[in-house]
Amino acid sequence: MDFIKQVYSKDTILLMYKCGSYAFGTSNDKSDEDYVVVLKDFKGMTHLTNGKKEYFIFGLQAWKDKQDFSDNYDEYYEIFNDEILAFPSSIIYKDDSMNSLIEHYRNSFESNYKKWIKKVVEYFRFYYRLGDLNKNMYHLIRIRHIVENYLDTGSFSLELPKEVLNKILDYKSSTNREVYRSEINQALVYLSNIEEGTK
């Protein structure tokens with residue numbers, strides 16, 4: 001947080017929280033520490049790196065657009081909106097003025113989840129068709145489990161069964177991700193069917 005205060009000394013931090021594998025519980029010893037930072041007067045969004053720490057900086061309106069799954073930004077910044085389900089444990093700092101917004105977006109995630117799935121499918125389908133199994137493709141396995149669990153239980157949770165977590169950690173560190181191609185494809189098809197309303 002000190003780094004952000006130095007870089008944006010004339011702005012006000014409204015919210016800072018863990019994101020990425022750092023928040024999802026899927027990090028390993030090679031993972032960066034990822035954070036979302038919301039600033040009061042900043043416009044738009046940007047990305048900063050400080051060692052192994054990465055910061056996704058949003059102005060307040062840009063962060064609200066992200067949570068609303070608007071079309072103002074690349075899907076990359078919205079496909080991980082389930083990170084809000086890790087609140088409050090993932091929050092590093094929160095200004096009291098953000099309390100009602102945080103409650104609103106956490107409570108509205110369920111009603112917006114089809115928008116989330118649409119963004120996830122659009123993003124990963126594009127990269128899957130390129131042929132390479134990028135490291136972040138593991139999110140398809142993770143998200144499929146989250147959605148299946150939601151449809152079974154009626155509530156969203158980021159908690160992963162041990163076997164799913166171990167599979168993800170193996171995928172991330174594997175030098176031969178091709179063994180996961182079928183499972184990645186099945187997860188993408190499953191989520192596509194959710195988006196299209198056939199499941």
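1. Basis. The model is predicted, so local features need pLDDT of at least 70 and side-chain atom pairs count only at pLDDT 80 or more, while totals for chains, interfaces and linings use all residues. Residues are numbered from 1 along each chain as its sequence is written, and side-chain values use heavy atoms, with hydrogens and water left out.

2. Secondary structure. The chain has eight helices and five strands; helices (H or I, at least four residues) and strands (E, at least two) are DSSP runs, numbered from the N terminus. In sequence order the pattern is α-β-α-β-β-β-α-β-α-α-α-α-α.

3. Overall size. A compact globule of 199 residues would have a radius of gyration near 16 Å, and the 17 Å of the chain agrees with that. The radius is taken over C-alpha atoms, and the globule rule is 2.2 Å times the number of residues to the power 0.38. The C-alpha trace spans about 50 × 35 × 30 Å along its principal axes.

4. Of the 199 residues, 45% count as buried, meaning under 20% relative accessible area, with exposed over 50% and partly exposed in between (1.4 Å probe, protein chains only). Among contacts (heavy atoms within 4.5 Å) with a separation of 6 or more, 61% join residues 24 or more positions apart.

5. Charge. There are 27 positive and 31 negative side chains, and the centres of the two sets lie 1 Å apart. Lys and Arg count as positive and Asp and Glu as negative; His and the chain ends are not counted. Each charge is placed at NZ of Lys, CZ of Arg, CG of Asp or CD of Glu.

6. Helix 5. The 17 residues of helix 5 should span 24 Å at 1.5 Å a residue, and its end C-alpha atoms are 24 Å apart, which agrees; the expected span is 1.5 Å times one less than the number of residues. Its buried residues, including Trp116, Phe124 and Tyr128, pack against helix 6 and helix 8 (181-196). Gly131, with a positive phi near 105°, follows helix 5.

7. Leu133. This residue sits in the loop between helix 5 (113-129) and helix 6 (138-153). Leu133 counts as buried because its relative accessible area is 10%. Leaving aside residues up to four places away in sequence, Leu133 touches Tyr128, Tyr171, Arg177, Glu178, Arg181 and Ile184. Asn176 is 43 residues from Leu133 in sequence, with a C-alpha to C-alpha distance of 9.5 Å.
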